[in-house]
Amino acid sequence: MVVLSKPALEQFSPIKTCKPSSTTFYSNIPVIDLSKPDCKTQLVKACEEFGFFKVVNHGVPMEFMSVLESEAMKFFSLSQSEKDKAGPPDPFGYGNRRIGPNGDVGWVEYLLLRTTFSQKSFDSFKEIPNFCCSSVHDFVSSVRQLACGVLEELADGLKMKQRNVFSKLLKDEESDSIFRLNHYPPCPELQALSGRDLIGFGEHTDPQIISVLRSNNATGLQISLKDGTWVSVPPDQNSFFIIVGDSMQVMTNGRFKSVKHRVLANSRKSRVSMIYFGAPAPRARIAPIESLMKEGEESLYKEFTWSEYKKSAYMSRLADNRLGHFQKQ
């Protein structure tokens with residue numbers, strides 16, 4: 001999938017396209033310096049208005065990012081037969097184009113990995129050529145710490161009595177957090193698509209609590225604004241983007257919004273993204289937190305366990321409103 005050799009247009013037929021969007025980058029995405037004492041206020045505002053923001057001075061060593069990106073590119077540059085030895089995903093492992101079990105496809109290949117480093121997870125790395133478990137461990141450990149720090153600042157900004165009300169869910173030994181490496185190969189045949197953009201990863205929200213994303217300097221990521229307009233996110237390989245997930249939207253009773261996002265294929269350059277999806281333990285109960293609700297405010301969502309929501313989410317298509325089944329009438 002890395003090297004394309006004059007494929008016929010039928011090669012793209014299962015993959016959705018969309019009308020060309022503006023090539024201008026959206027300039028109003030919040031950029032938050034985590035070293036500043038007032039960052040908690042900015043974090044809350046960004047979660048309310050966008051559900052998406054960039055963080056700088058994040059504390060993740062640049063070496064961890066560059067080493068893991070290098071290893072990821074070595075793996076994705078292997079022959080298809082070599083990569084296929086690490087798949088198919090069950091759900092962990094290597095996948096190519098197919099996203100989930102319900103018919104979604106995209107111009108993407110990926111590795112989905114556990115974030116709990118048990119003997120089972122170490123053994124699974126033996127099946128992934130050119131990959132070192134320690135580099136993933138270093139990166140994921142640092143990014144988990146970043147995610148927990150952001151969640152604790154948010155709790156402070158919301159004036160919660162317990163600063164760890166959100167972060168403790170990620171720190172639980174049974175946390176269901178996962179780590180994903182996505183590779184979007186260059187697609188020079190885009191010109192053959194009648195001027196339309198090829199979808200790398202279709203529009204969706206993330207079901208977890210929080211997602212932490214880092215990519216190389218290739219374009220492609222877009223978010224949907226409140227009015228439904230899709231805007232392009234300027235890439236920044238030195239920073240992280242934080243995405244509010246469905247579970248956080250529920251816990252704040254809709255005050256924070258999980259944002260729809262997607263990735264468009266790039267005609268000239270490979271895009272590599274690394275995403276940590278911070279999730280609670282399967283048994284954890286997700287519901288609006290009473291202390292965050294105003295007097296007389298009604299709960300918008302039914303209580304559910306993460307296991308129940310995860311099962312429902314993975315039975316749906318990417319673009320479905322996954323929270324719809326759990327909203328109160």
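The structure contains 10 aromatic pairs. The model is a predicted one. A pair of aromatic rings is described by how far apart the centres lie and by the angle of the planes. For Phe304 and Phe326, the ring centres are 4.7 Å apart and the planes meet at 55°, so this pair is classed as tilted. Phe304 belongs to strand β15 (residues 304–305), whereas Phe326 is found in the segment after α8 (306–313); the pair therefore ties together parts that are 22 residues apart in sequence. Phe304 has a relative accessibility of 1% and counts as buried. Phe326, with a relative accessibility of 12%, also counts as buried, because the limit for this class is under 20%.

Phe326 also forms an aromatic pair with Tyr309. Here the centres are 5.3 Å apart and the angle between the planes is 75°, an edge-to-face arrangement. The relative accessibility of Tyr309 is 0%, so Tyr309 is counted as buried. Through ring pairs, Phe304, Tyr309 and Phe326 are joined with Trp306 into a cluster.

Two arginine residues were found over aromatic rings. Arg180 is placed over the face of Tyr110, 3.9 Å from the ring centre. In the other case, the charged end of Arg262 sits over the ring of Trp230, at 4.2 Å from the centre of that ring.

In soluble globular proteins, nonpolar side chains tend to be buried together. The largest nonpolar core in the model has 61 residues. Within this core, the residues that touch the most other members are Phe53, Phe166, Leu170, Phe179 and Phe240. Helix α5 (residues 133–157) gives the most to the core, supplying 11 residues. When residues up to four places away in sequence are not counted, Phe166 touches Leu151, Ala155, Leu158, Met248, Met251, Ile289 and Leu292. Another core, of 24 residues, lies apart from the largest one and includes Phe50, Val263, Ile275 and Leu318.

The volume of the largest pocket is about 900 Å³. Its lining is made up of 45 residues, of which Ile99, Gly100, Leu112, Arg180 and Tyr314 are the closest to the pocket centre. Strand β4 (93–99) provides the largest share of the lining, five residues. At least two lining residues each come from β4, β5 (104–114), β6 (178–184), β7 (197–204), β12 (261–264), β13 (271–278) and α8.

Eight helices and 15 strands are present in the protein. Of its 329 residues, 54% are buried. Among contacts between residues at least 6 apart in sequence, 74% join residues at least 24 apart. A separation of 202 residues in sequence is found for Ser70 and Val272, whose C-alpha atoms are 9.9 Å apart in space. Ser70 is located in helix α2 (residues 62–76). With a relative accessibility of 35%, Ser70 counts as partly exposed.

Notes
Residues are numbered from 1 along each chain as its sequence is written. This is a predicted model: local features need pLDDT of at least 70, side-chain atom pairs count only at pLDDT 80 or more; totals for chains, interfaces and linings use all residues. Side-chain values use heavy atoms; hydrogens and water are left out. Rings of Phe, Tyr and Trp (its six-membered ring) pair if their centres lie within 6.5 Å; planes under 30 degrees apart count as stacked, over 60 as edge-to-face and the rest as tilted. Helices (H or I, at least four residues) and strands (E, at least two) are DSSP runs, numbered from the N terminus. Buried means under 20% relative accessible area, exposed over 50%, partly exposed in between (1.4 Å probe, protein chains only). A charge sits over a ring if NZ of Lys or CZ of Arg is within 6 Å of the ring centre and within 35 degrees of the ring normal. A nonpolar core is a set of buried Ala, Val, Leu, Ile, Met, Phe, Trp, Tyr and Cys residues joined through side-chain atoms within 4.5 Å. Contact means heavy atoms within 4.5 Å. On a 1 Å grid over the protein atoms alone, a cavity is a set of points where a 1.4 Å probe fits but cannot get out, and a pocket is an open set with protein on both sides within 12 Å along at least five of seven lines; lining residues have an atom within 4 Å of a point. Grid points are joined across faces, edges and corners, and a volume is the space filled by probe spheres set on the points.
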